[in-house]
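Here are my notes on the two-chain model you asked me to look over. Have the viewer open as you read.

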Amino acid sequence: MFRNVAELIEKAKEDNIPVSEVMIRQEMEAKELSRDKVMTQMEENLTVMEEAVEEGIKGVQSHSGLTGGDAVLIQKYMKEKQPLSGDLLLDAVSKAVATNEVNAAMGRICATPTAGSAGCVPGTLFAVKDRLNASREDMLRYLFTSGAYGFVVANNASISGAAGGCQAEVGSAAGMASAAIVEMAGGTPEQTAEAMAITLKNMLGLICDPVAGLVEVPCVKRNAMGASQAIVSADMALAGVTSRIPCDEVIDAMFKVGQRMPSAFRETAEGGLAATPTGKALEKKIYGS
Amino acid sequence: MKYRSVFDIIGPVMIGPSSSHTAGAARIGRAARDLFGRTPEEIDIHFYGSFMSTFKGHGTDVAMVGGVLGYETFDDRIKTSLETAEKEGVKVVIHEEVSEPEHPNTARLRLKSGDEELELTGISIGGGKIEITELNGFPLHLTGEHPAVVLLHDDRYGAIASATAILAKEKINIGRMEVSRKAEGAQALMIIEVDQNLTDPVMEELQEADHISRAARISE
């Protein structure tokens with residue numbers, strides 16, 4: 001079992017296989033499953049992600065009324081205008097938003113790695129797949145590459161907002177997505193690690209401050225920005241840009257930042273945006289007290 | 001290592017919005033149902049801490065009732081569980097408790113049908129993982145780090161053997177075991193932590209095993 005990114009990359013290079021294949025083989029070995037079984041289970045998760053994106057793009061509304069409908073707005077804008085940031089980037093943003101809006105509306109999603117950060121990985125996947133002429137198998141591999149990096153973060157740091165703030169949730173999810181984009185675009189295993197490192201570096205310190213304690217504000221938009229950052233980092237890594245701080249050390253830094261983060265910024269709805277006058281007013285409106 | 005599968009990261013498939021406040025709540029409800037054995041006539045839910053202050057927004061009540069109705073975390077029917085309960089004549093009462101719980105996400109459930117009653121306290125510890133901390137007055141010590149099965153059984157010889165024989169036959173390794181009873185010869189409780197999630201066929205076999213009255217699983 002690989003314990004960190006260095007071991008993950010070494011395994012990939014040693015056997016001359018992509019990161020996704022290292023993850024697939026480890027899963028087969030650890031759970032004593034056939035390749036078919038592992039791929040089928042991931043295919044089921046991929047289908048759920050696909051359905052959530054489709055549903056969100058059609059438009060949903062959460063029970064609290066705090067979120068919903070932004071994916072529709074962005075898609076409409078893309079059709080009618082020329083987005084400044086580019087079609088691919090904004091497509092990823094709209095699909096990440098779509099996923100988290102469905103989540104907030106009690107729809108069905110696949111946690112990647114959590115429900116609150118479920119938008120980054122599928123949002124980017126369904127945006128880049130056409131540009132990269134991805135097959136269904138390539139799309140499954142995208143999820144295994146994401147999973148490999150999430151696996152390292154979960155075991156060495158944290159993927160929980162209550163434990164490590166939003167950097168542990170959207171930070172991890174965006175990093176996972178950027179690594180997967182690099183592999184799908186034909187980058188090397190080393191470049192996947194660079195993308196992960198570059199993304200997570202910019203997420204350090206991000207707090208978890210949900211208004212009224214709900215997985216809505218600012219979670220939906222944080223996933224949108226996470227998805228956009230994942231694409232930019234992937235491009236940087238593919239261009240040959242490297243992180244001066246190795247990926248494993250960035251992950252460790254994220255963990256240590258999380259440990260020293262006051263509890264007001266770890267999913268308690270006591271700090272940050274949740275503690276703003278408007279955040280408090282919304283909370284009062286929703287719970288009536 | 002805490003996480004051992006890629007599907008801990010890419011997964012679970014669940015009804016939103018929160019792995020801890022929705023998926024975890026459904027799992028606590030489902031564990032209570034499995035131990036009760038069927039849909040009860042009455043569901044009493046006491047919410048504490050963060051569950052109490054945010055259950056409306058997260059649909060924690062909806063998810064927990066869905067679990068009691070037998071739904072899994074990914075079942076679409078969770079969304080309409082309160083309506084379903086009403087239609088089926090299941091009385092649901094929610095109590096908002098102000099006392100400070102040990103864990104922020106705590107719920108106490110009481111399921112009732114006629115004279116039969118089951119009381120369970122569960123906590124949701126993150127990412128959809130749960131722990132059951134009390135059952136019918138028995139304090140439990142489930143770490144939540146491993147899948148487990150909770151068995152209510154007759155306090156007599158052979159009960160433990162009949163459960164472990166099934167696990168041995170299915171090549172399921174036991175990591176930790178705990179047996180407790182309130183009074184000699186009465187109802188007893190067995191908790192077995194195992195290395196992998198238990199499948200439906202194994203659960204059915206355990207439920208029908210000699211001296212075992214109820215079986216519920218805690219999955220990873």
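The points below go from the overall picture to the chains, their contact and a few single residues.

1. First, what kind of model this is. It is a predicted one, and it scores ipTM 0.96 and pTM 0.86. For chain B the average pLDDT is 89, with 98% of the residues scoring at least 70.

2. Chain A is the helical one to start with. It has 13 helices and one strand, and along the sequence the pattern reads α-α-α-α-α-β-α-α-α-α-α-α-α-α.

3. How does the overall size of chain A agree with that of a compact globule? For 289 residues such a globule would have a radius of gyration near 19 Å, and chain A comes in at 18 Å, so the two agree. The C-alpha trace spans about 60 × 45 × 40 Å along its principal axes. Buried residues account for 60% of the 289 in chain A. Take the contacts in chain A between residues at least 6 apart in sequence: 78% of them join residues at least 24 apart.

4. Helix α7 of chain A, residues 136-156, is worth a look. Its 21 residues should span 30 Å at 1.5 Å a residue, and the end C-alpha atoms are 31 Å apart, which agrees. Of those 21 residues, 17 are buried, so α7(A) is largely enclosed by the rest of the structure.

5. Next, Ile251(A), which sits in helix α12 (residues 247-259) of chain A. Is it buried or exposed? Buried, because 25 other C-beta atoms lie within 10 Å, and the cut-off for that label is 20 or more. Setting aside residues up to four places away in sequence, Ile251(A) touches Val152(A), Val153(A), Asn156(A), Ala157(A) and Leu200(A). Lys201(A) is 50 residues away along the chain, yet its C-alpha atom is separated from that of Ile251(A) by 8.6 Å.

6. Leaving out neighbours within four places in sequence, Met236(A) is in contact with Ile198(A) and Val241(A). Met176(A) lies 60 residues from Met236(A) in sequence, and the C-alpha to C-alpha separation is 15 Å.

7. Now to where the chains meet. In this contact, 31 residues of chain B touch 41 residues of chain A. On the chain B side, the elements giving two or more residues are β1 (13-15) and α2 (49-58). Which of the elements gives the largest share of that side? It is α2(B), with six residues. By class, the chain B side has 12 nonpolar, 13 polar and six charged residues.

8. Strand β1 of chain A, residues 108-110, pairs with β1(B) in the antiparallel sense over three bridges. If you want one pair to click on, Ile109(A) has Met14(B) as its bridge partner in β1(B).

9. In chain B, helix α1 runs over residues 19-36. Its 18 residues reach 24 Å from first C-alpha to last, close to the 26 Å expected at 1.5 Å a residue. What about cover? In α1(B), 18 of 18 residues are buried. Gly37(B) follows α1(B), and its phi is positive, near 100 degrees.

10. Last, strand β8 of chain B, residues 148-154. It is mostly covered, with six of its seven residues buried. Seven bridges join β8(B) to β10(B) (residues 187-194) in an antiparallel run, and Leu151(B) stands opposite Met190(B) there. Strand β8(B) is also joined to β11(B) (residues 212-218), again antiparallel, by six bridges. In that pairing, Val149(B) has Arg217(B) as its bridge partner.

Key:
Residues are numbered from 1 along each chain as its sequence is written. Chains are lettered from A and ligands numbered from 1 in the order in which they are written. This is a predicted model: local features need pLDDT of at least 70, side-chain atom pairs count only at pLDDT 80 or more; totals for chains, interfaces and linings use all residues. Helices (H or I, at least four residues) and strands (E, at least two) are DSSP runs, numbered from the N terminus. The radius of gyration is taken over C-alpha atoms; the globule rule is 2.2 Å times the number of residues to the power 0.38. A residue is buried if 20 or more other C-beta atoms lie within 10 Å of its own, exposed if 12 or fewer, and partly exposed in between; C-beta atoms are placed from the backbone. Two residues are in contact if their C-beta atoms, placed from the backbone, lie within 7 Å. Ala, Val, Leu, Ile, Met, Phe, Trp, Tyr, Cys and Pro count as nonpolar, Asp, Glu, Lys and Arg as charged, and the others, Gly among them, as polar. Two strands pair if DSSP finds at least two bridges between them. The expected span of a helix is 1.5 Å times one less than its number of residues. pLDDT is the predictor's confidence in each residue, from 0 to 100.
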